[in-house]
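Hi everyone, thanks for coming. Today I'd like to walk you through the inside of one protein, so let me put it up on the screen.

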Amino acid sequence: MIKSLAVYCGARNGNDGKYLKKAQELGEWMAAHQIELVYGGGQFGLMGAVADGVLDNGGTVHGIITETLASRGAAYSKIQDLKIVPDMDHRKEKMMAMADGMLALPGGIGTLEEISQAASWITIGENPKPVAFYNQDDFYSPLKEAFEHMSQEGFLEKIYLDSMYFGDDFNQILQFMEHYTAPRHRTYEK
């Protein structure tokens with residue numbers, strides 16, 4: 001059962017209002033399904049929009065932000081539970097520990113780095129939780145193609161390729177996560 005979801009997304013708005021709109025809708029959907037938000041604790045961009053969507057609809061938000069980002073004014077004081085951690089490594093570990101699943105909305109390098117770590121840890125057995133990409137208007141299709149290429153070239157086993165979900169329907173993403181079984185960890189042979 002998915003009771004909390006780590007959402008990785010941009011701290012910027014993007015060039016099209018459709019991204020903010022979907023982030024807000026995700027927050028509303030999470031509150032309606034009583035799924036708590038675990039996110040980077042920021043008030044700007046898609047991060048702020050998804051938090052607002054949860055908060056404005058009576059949901060619970062847990063923010064984890066670094067000391068550096070908090071000192072720069074990025075922290076969202078409106079959320080109920082804001083934790084300030086020393087650095088990004090602690091932030092990522094805490095978010096993964098607090099969440100039942102991980103979801104990437106559109107974002108930049110930081111979003112990609114965080115969701116990629118969650119996905120890569122599946123291969124070594126360090127993350128038994130589901131990882132999904134919200135593929136709004138094919139935003140993540142090039143990444144999916146890159147992963148497929150890695151698999152075709154023998155660098156990413158098919159079981160790990162298949163362990164990640166790409167889709168643009170929140171209900172289907174939830175269904176994937178609730179029926180997810182972590183694949184066995186990678187083994188090494190000479």
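I'll talk about the cavity, then the helix beside it in my notes, and then the nonpolar core. Please keep in mind that this is a predicted model.

Let's begin with empty space. Rolling a probe the size of a water molecule over the atoms shows where such space is left. Here the count comes to one cavity of 30 Å³ or more, and about 40 Å³ of space lies in the largest cavity.

What lines the largest cavity? You'll find Leu5, Leu26, Trp29, Ile35, Leu103, Phe170, Ile173, Leu174 and Met177 there. That makes nine nonpolar residues, with no polar and no charged ones. Two helices, α1 (17-32) and α8 (170-178), each supply at least two residues of this lining, and α8 gives the largest share, four residues.

Finally, the core. The largest nonpolar core has 56 residues, and Leu26, Met30, Leu37 and Phe133 have the most contacts inside it. Helix α2 (residues 45-55) gives the most to this core, with seven residues. Take Met30 as an example: setting aside neighbours within four places in sequence, Met30 touches Leu5, Val7, Ile35, Glu36, Leu37 and Val54.

Technical notes:
Residues are numbered from 1 along each chain as its sequence is written. This is a predicted model: local features need pLDDT of at least 70, side-chain atom pairs count only at pLDDT 80 or more; totals for chains, interfaces and linings use all residues. Side-chain values use heavy atoms; hydrogens and water are left out. On a 1 Å grid over the protein atoms alone, a cavity is a set of points where a 1.4 Å probe fits but cannot get out, and a pocket is an open set with protein on both sides within 12 Å along at least five of seven lines; lining residues have an atom within 4 Å of a point. Grid points are joined across faces, edges and corners, and a volume is the space filled by probe spheres set on the points. Ala, Val, Leu, Ile, Met, Phe, Trp, Tyr, Cys and Pro count as nonpolar, Asp, Glu, Lys and Arg as charged, and the others, Gly among them, as polar. A nonpolar core is a set of buried Ala, Val, Leu, Ile, Met, Phe, Trp, Tyr and Cys residues joined through side-chain atoms within 4.5 Å. Buried means under 20% relative accessible area, exposed over 50%, partly exposed in between (1.4 Å probe, protein chains only). Contact means heavy atoms within 4.5 Å.
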